[in-house]
Amino acid sequence: RAILTVGSPMSWGESLDHLAYVREHGVLQFIKVWENCCSMRRTDELLWGDEVEYGLLRVSESKAWVSLRGPEVREALEAAEGEHAHRSEGCLWHPEYGAWMIEGTPSRPYSGYAADLCRVERNMRLRRKRLLSFLEDDEICPTIVNFAGFGVGDFCWPPSSSTSSDNKVTHSPSVPDRAINPHPRFAALTANIRARRGGENVDARPPRFFDAKTPTNAPESIEGLDAMAYGMGCCCLQVTFQARDAREARYAYDQLAALAPVMLALTAGAPVWRGVLADTDARWDVVSASVDDRTPAERGTGVFPLDPRMAGGGNTPLPRSRYSSISRYAFECEDEGQVAQFCDVEAPIDSEAFDVLRGAGVDPALARHVAGLFARDPLVVFEGKVTQVDDDVSSDHFDNIQSTNWNTVRLKPPPPTATNATGPGWRTEFRPMEVQLTDFENAAFAVFAVLVTRVILAFDLNLYVPLSRIDANMRRAMRRDAAIKAKFFFRRQMDADQVADGFADERFDACCAPPDPDAPAVYEEMTAAEIIDGKGDYFPGLAPLAYAYLDYIGCDRDSLAQISTYVEHVRERANGKRPTPAKWIRDFIKAHPDYAHDGIVSEKIARDIAVAAHEIGVGARPAPELLGDDVVVRPITPDGAWDSREVHVAVVMLFA
Ligand code: ADP
Ligand code: MG
Ligand code: MG
Ligand code: MG
Ligand code: MG
Ligand code: MG
């Protein structure tokens, strides 16, 4: 969660003298949590929740703008939720980077019953309904990754009265400051990332798609993506699971990191940037570049004078942006080294932090994980919130660093005030997925992610492959049509003998079983369809495993019927019968009468994509080309948005 501290953020220059303090105390705060919560913190209840991000747009007949009313609408929603807090089902509304964005979550996490898997879509529909109830007549709230016209011309509503003074923070000719959420944290993030880079704008360069009539001398990449908003303005779908303990959260973290590229490819929804068709389908690299705060020396593109106040002196090479896939696995194996052997990518750590963590008794794998987070500087430090923070009761400094290490997965420790009786436990957040056009699809992917996690834990599977292969998978996942065309390095045998035998008594020994040294590799290349449906007689596939798991827990028929529609949706994505949002957008553009087959997405086309997406999302426009003939989105209207009643049938526990 964004830490929306009240107060003034410091400029980068002002922060410099406080960075070391924040980093040092962030580590101490983590250690405090570890000492409080590491071994004794057990939460047998599965709790989990999703996050969906929405974009507000204003539309006319011929054009759309991002509508900068996000904060205003969010506050209205929050107030209304407060008035209806007595109802059993509700929503929470979180601020997002863009002033046109809002994030919604269920008001309370879902719990560990199979029937809870059926609550997800209903809560997502409730969110959309409530959001609709606060829109003005010409506003829409499609769940699309980004607006195709973002950054083109005057794309913000209301239009600006001033002109040149409008980008003091972004320094971008295309993105005005008012596109940034007005809470001061967000402008400070933007300014400080730019400052830490040595005063350079960020610079994302998605490859251009060369259509039949794209001039052959057009630049290879799409240009002008020089502001944080191009990336952090993207909408995604996230899922957070509570684990039984730190050990399970760390194990799930590793497994989900391996799953991340596949799920990114299957959910890809970002084929257009700044009005130009890209040769990639997914947001990841653009977001990564859009928040890349590395100095030229850290990036390896120039020199940067040593500044001992900064992490690594500001000139220690860092191979990746702080928004990235993971650099190391977090699970601690009894047989030390069995997991570490898969950690084959450069993974800089703050060695002082590592020593302090080890000195406090934190095991090597977790110490490395945390010290890796602390190889980055805090990006926003608030006046009066540095030495004043009490390390015994606050994790502000840890959260500051943690919340700006944006990885495909995040390990969330309990808050310092958590006890065994109250407060959340250790959680793992799955962050790669892109937002889908409909709640059915968002629910499908959220539910599938939960099921796969349950399958892995219950059947004692492991997806470990070398991290260098996961990096390769991330690159492949972003390519055009990766959902059906890409091959991913994936574990050949996820401990299949144990699947056959039913259940192993001991979890986690799977990862400790050394790979057969005579085998060519523990992994091989598979398409998403093979990963989902199975391959040969040795790889059962995640969908059959999900069904086996549902069968094992004795899932009730009603829940199973609904959950099956979600699993089938993921299968249809992987086998290409249903398109990703990216493919749907490409096809929409290709079929648009205004499209000149030159890769340029005009104002009108960008507007029509957003309107169609909104209409599909609210069930006002049938979309068999997206959902097939079997799935129909029931209409969502703002009527009765505040009068939900929860029909909760809790029947089957999700884990034994
Ligand atoms: P962040 O933006 O930091 O990921 P959010 O509060 O936006 O945090 O989202 C957290 C998600 O975790 C929500 O979906 C919420 O329902 C869910 N959640 C809340 N408490 C728990 C818990 N104890 N265990 C698992 N998930 C939880
Ligand atoms: Mg959130
Ligand atoms: Mg968010
Ligand atoms: Mg999140
Ligand atoms: Mg466990
Ligand atoms: Mg086992």
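Which charged end sits over the ring of Phe489? Select Phe489 and Arg469 together: the charged end belongs to Arg469, 4.6 Å from the ring's centre. A charge counts as sitting over a ring if NZ of Lys or CZ of Arg is within 6 Å of the ring centre and within 35 degrees of the ring normal.

Before you go on, a word on what you have open. This is a predicted model, where local features need pLDDT of at least 70, side-chain atom pairs count only at pLDDT 80 or more, and totals for chains, interfaces and linings use all residues. Residues are numbered from 1 along each chain as its sequence is written, chains are lettered from A and ligands numbered from 1 in the order in which they are written, and side-chain values use heavy atoms, with hydrogens and water left out.

**Stop 1: another charge over a ring**

Now pick Arg185 and Phe186. Here the charged end of Arg185 sits over the ring of Phe186, 5.8 Å from the ring's centre.

**Stop 2**

Glu51 lies in strand E1 (residues 47-55) and Glu429 in strand E15 (residues 427-430), so the pair ties together parts that are 378 residues apart in sequence. Helices (H or I, at least four residues) and strands (E, at least two) are DSSP runs, numbered from the N terminus. Are Glu51 and Glu429 buried or exposed? Both are buried. Buried means under 20% relative accessible area, exposed over 50%, and partly exposed in between (1.4 Å probe, protein chains only).

**Stop 3: Glu103**

Glu103 lies in strand E5 (residues 101-106) and is buried, with a relative accessible area of 6%. Leaving out residues up to four places away in sequence, Glu103 touches Glu51, Val52, Glu53, Leu92, Trp93, His94 and Glu96; contact means heavy atoms within 4.5 Å.

**Stop 4: aromatic rings**

Rings of Phe, Tyr and Trp (its six-membered ring) pair if their centres lie within 6.5 Å; planes under 30 degrees apart count as stacked, over 60 as edge-to-face and the rest as tilted. By this rule the count comes to 22 aromatic pairs. Start with Tyr251 and Phe331: the ring centres are 5.1 Å apart and the planes stand at 75°, so this pair is edge-to-face. Tyr251 is in helix H7 (residues 246-267) and Phe331 in the loop between strand E12 (323-324) and helix H10 (351-359), so to speak a link between distant parts of the chain, 80 residues apart. Tyr251 and Phe331 are both buried.

Next, select Phe440 and Tyr566, a tilted pair with 5.6 Å centre to centre and 45° between the planes. Phe440 lies in helix H13 and Tyr566 in helix H20 (residues 557-574), so the pair ties together parts 126 residues apart in sequence. Phe440 is buried at a relative accessible area of 6%, and Tyr566 is buried at 0%.

To see a cluster, select Tyr251, Tyr329, Phe331, Phe342 and Tyr464, which ring pairs link together.

**Stop 5: a four-stranded sheet**

Colour the strands in the order E7-E2-E3-E8: these four form an open sheet with mixed pairing. Two strands pair if DSSP finds at least two bridges between them. Strand E7 (139-140) and E8 stand at the edges, each with a single partner strand, so one side of each has no neighbour in the sheet. Strand E2 (residues 57-59) pairs with strand E3 (residues 64-67) in the antiparallel sense over three bridges, and Arg58 stands opposite Trp65 in E3.

**Stop 6**

Most residues other than glycine have a negative phi, and most peptide bonds are trans. Trp157 and Pro158 are joined by a cis peptide bond, with omega about 0°. Pro158 lies in the loop between strand E8 (156-157) and helix H5 (184-196).

His171 also lies in the loop between E8 and H5. Its phi is positive, near 55°, and His171 is partly exposed, with a relative accessible area of 41%. Finish at Asp460, where phi is near 60°. Asp460 is in the loop between helix H13 (439-458) and helix H14 (467-478), and is buried, with a relative accessible area of 1%.
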